[in-house]
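The sequence and the model are shown first, and the description follows.

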Amino acid sequence: MKDPDFFPPARRITAGEIASLTGAELVRPEFAGIVIDSVAAASDGGAGTLVFIEGKRNAELVRNTTAAAVLCKREAAGHCPETVALLVIDRPQAAFAQITRLLFPQAMTPGTMTGETGVSERASVAADAVLEDGVIVEPGAVIGTGVMIGRGTIIAPNAVIGASCRIGRDSYVGPGASVQCAMIGDRVILHAGVRIGQDGFGYLPGTKGLEKLPQIGRVVIQDDVEIGANTTVDRGALVDTIIGQGTKIDNLVQVAHNVRIGRSCIIAGNCGLSGSVTLGDFVMLGGRVGIADHINIGTGAQLAASSGVMNDVPAGERWAGSPAQPIREAFRELAALRGLVDGKKKRTRDGDE
């Protein structure tokens with residue numbers, strides 16, 4: 001049985017067109033008519049494929065490639081075979097991504113899982129819900145009372161949209177996801193199993209044990225946000241939880257109540273943002289970063305993977321470690337600790353001798 005082709009190319013493209021679109025230099029102009037209909041990793045390039053390499057370090061991967069074309073920096077050009085269309089550019093990965101988006105546009109935004117083109121008869125849609133023309137609601141989805149959804153948005157199978165939620169245009173709510181107490185903008189992607197708007201984790205010790213604090217805020221997700229599978233975003237307690245325009249959040253991230261995330265932030269998998277954390281614009285969090293409650297992370301700050309953040313991070317700084325600190329200090333401490341360990345090992349060996 002032939003393997004399924006989940007992403008067939010939407011078109012073909014020539015090496016000359018790639019040069020024109022990306023601004024790359026086609027080293028051998030006579031190869032301008034070579035046709036590319038797929039892309040591949042540098043180590044897997046075959047007939048009709050486009051590959052890329054960054055710098056000399058990975059040049060060996062394409063020394064004997066049978067790919068149709070290679071995007072690379074000038075310093076690596078001499079390592080490529082003369083049989084390929086060689087495209088020289090300062091940022092080969094960015095150019096490769098540009099062409100990949102052109103060849104495989106269907107991989108950019110999730111589509112329907114069932115082929116539904118309208119509102120499925122097997123979906124449950126409240127009578128007073130307002131769905132603009134072009135909304136797709138797949139089988140098993142539930143749309144609550146007072147919901148408003150903009151045109152071009154897809155609600156995947158078994159997704160649940162709670163009462164009075166608002167979802168903008170050309171957005172996507174993945175299979176099994178749930179949305180409540182939320183205002184969602186245009187071109188937002190919520191992948192499978194995402195949970196938006198459940199109550200936050202708020203308790204006070206009382207005479208009879210822990211007493212729950214009512215969470216009466218909302219979640220506000222601005223335009224062009226993407227949230228990975230099984231990530232959770234709690235609604236605010238008294239103020240809104242906000243995710244700023246263009247922010248991208250990976251799988252399995254916890255965003256607690258009252259968190260405010262700025263624009264174009266990147267948050268990798270397994271991060272945990274405690275209650276009332278604030279992230280400025282363009283913040284980058286590596287995988288498994290944990291941030292204590294009420295911490296402020298300044299605009300443009302970067303936190304290395306597995307950092308444990310217990311203090312405010314100034315704008316533009318890079319921190320690492322647990323507890324997190326400026327990255328140079330963290331590396332200096334690590335080097336000092338390693339020196340102590342190496343010294344102890346040497347003294348032990350000398351003593352044994």
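## The sheet

In this model, an open sheet is formed by ten strands, and their order is β8-β11-β14-β17-β20-β25-β28-β31-β34-β37. The pairing in this sheet is parallel. At its edges are β8 (124–125) and β37 (308–309), each of which pairs on one side only. The model is a predicted one.

Strands of a sheet pair through backbone hydrogen bonds, in either a parallel or an antiparallel way.

## A nonpolar surface patch

Three residues, Phe201, Tyr203 and Leu210, make up a nonpolar patch on the surface. Together they have about 390 Å² of accessible area.

Phe201 belongs to the loop between β20 (195–196) and β21 (203–206). Its relative accessible area is 68%, so Phe201 counts as exposed, the cut-off for that class being over 50%.

## A buried serine

The loop between β31 (272–273) and β32 (278–279) holds Ser276. Is Ser276 buried or exposed? Ser276 is buried, because its relative accessible area is 18% and buried means under 20%.

Which residues is Ser276 in contact with, leaving aside its neighbours within four places in sequence? They are His257, Asn258, Val259, His294 and Ile295.

Methods: Residues numbered from 1 in each chain as written. Predicted model: local features only at pLDDT ≥ 70, side-chain atom pairs only at ≥ 80, totals over all residues. Heavy atoms only, no water. Pairing = 2+ DSSP bridges. Helix = DSSP H or I, 4+ residues; strand = E, 2+ residues; numbered from the N terminus. Patch = residues over 30% accessible without salt bridge, like charges linked within 9 Å, V, L, I, M, F, W, Y side chains within 5 Å. Areas by Shrake-Rupley, 256 points an atom, 1.4 Å probe, with all protein chains shown as cover. Salt bridge = Lys/Arg side-chain N within 4 Å of Asp/Glu carboxyl O. Buried < 20%, exposed > 50% of the residue type's maximum accessible area, 1.4 Å probe, protein only. Contact = heavy atoms within 4.5 Å.
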